[in-house]
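Reader: I have a model open and would enjoy talking it through with you. Could you take a look with me?

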Amino acid sequence: GSLTVSKGLAFPSGKITASGNVGIGTTGPGVKLHVDNRGLTAYTDATVYDVLKLSNLKTNADGAPKGSNFAIGLSRWENPGNNYPRTRVDFKTTGRTTDDDSTPTTVMSLRDDGNVGIGTTGPGAKLAVKGDGTTTGYSFATADSAGAERFSVLDSGKTSIWSAGVNGTLADVLVLGWRSGAQSRYNKIQSSVSDDAGDGKIVFS
């Protein structure tokens, strides 16, 4: 079946306007979809309230929930200097830390100052990445189109740079320099390895 709304449709917790705007938790939606949780209890309330949830649920024969969930949470925090209201958006998934789909884990946070946190809800930089605390786990890694690791940072701070090369031939590992228009100046760190153990070398140029 279908529902045609020509003059607007109000329901207890929202409204569909004649122009096609949908409000959930609000009767005055000014955009195509406006969800207002209205969960704040006080100006000091910093609780993360989920405003959107997507689920793909499955229950085992023993009744254990084994599905998956994705949620977007919204919270406020105050600037300590002037008490201005601030906004943080959390992206959450379930299932990683428990054997069910009911406990969410915040995997990424976005604050109104443009700071993005991966693994942390309090990013102090434009991009803050927090590892899993194992010292051997990855905090950051990149790979080439074939999937070969090229750059990685472990929880311990150990950093590795891998450059594709030919056995016995120098390959650029790191290039440092400046560029202005068509002009450039740079220094390079090059490395080579051989099938013979201990026959590698590093060249600074």
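**Strands and charged pairs**

Author: Gladly! Keep in mind that this is a predicted model. Strand β9 (residues 116-118) pairs with β10 in the parallel sense, over 3 bridges.

Reader: Which strands stand at the edges of the open sheet?

Author: The sheet has 6 strands with mixed pairing, ordered β5-β6-β7-β8-β9-β10. An edge strand has a single partner, so one of its sides is left without a neighbour in the sheet; this applies to β5 (49-56) and β10 (127-129).

Reader: Is Lys92 buried or exposed?

Author: Buried means under 20% relative accessible area. Asp50, at 34%, counts as partly exposed. Lys92 has a relative accessible area of 10%, so Lys92 is buried.

Reader: And where does Asp112, the salt-bridge partner of Arg86, lie?

Author: The closest N and O atoms of Arg86 and Asp112 are 2.9 Å apart. Arg86, at 16% relative accessibility, is buried, while Asp112, at 39%, is partly exposed. Arg86 is in strand β7, and Asp112 lies in the loop between β8 (104-111) and β9.

Methods: Residues numbered from 1 in each chain as written. Predicted model: local features only at pLDDT ≥ 70, side-chain atom pairs only at ≥ 80, totals over all residues. Heavy atoms only, no water. Pairing = 2+ DSSP bridges. Helix = DSSP H or I, 4+ residues; strand = E, 2+ residues; numbered from the N terminus. Buried < 20%, exposed > 50% of the residue type's maximum accessible area, 1.4 Å probe, protein only. Salt bridge = Lys/Arg side-chain N within 4 Å of Asp/Glu carboxyl O.
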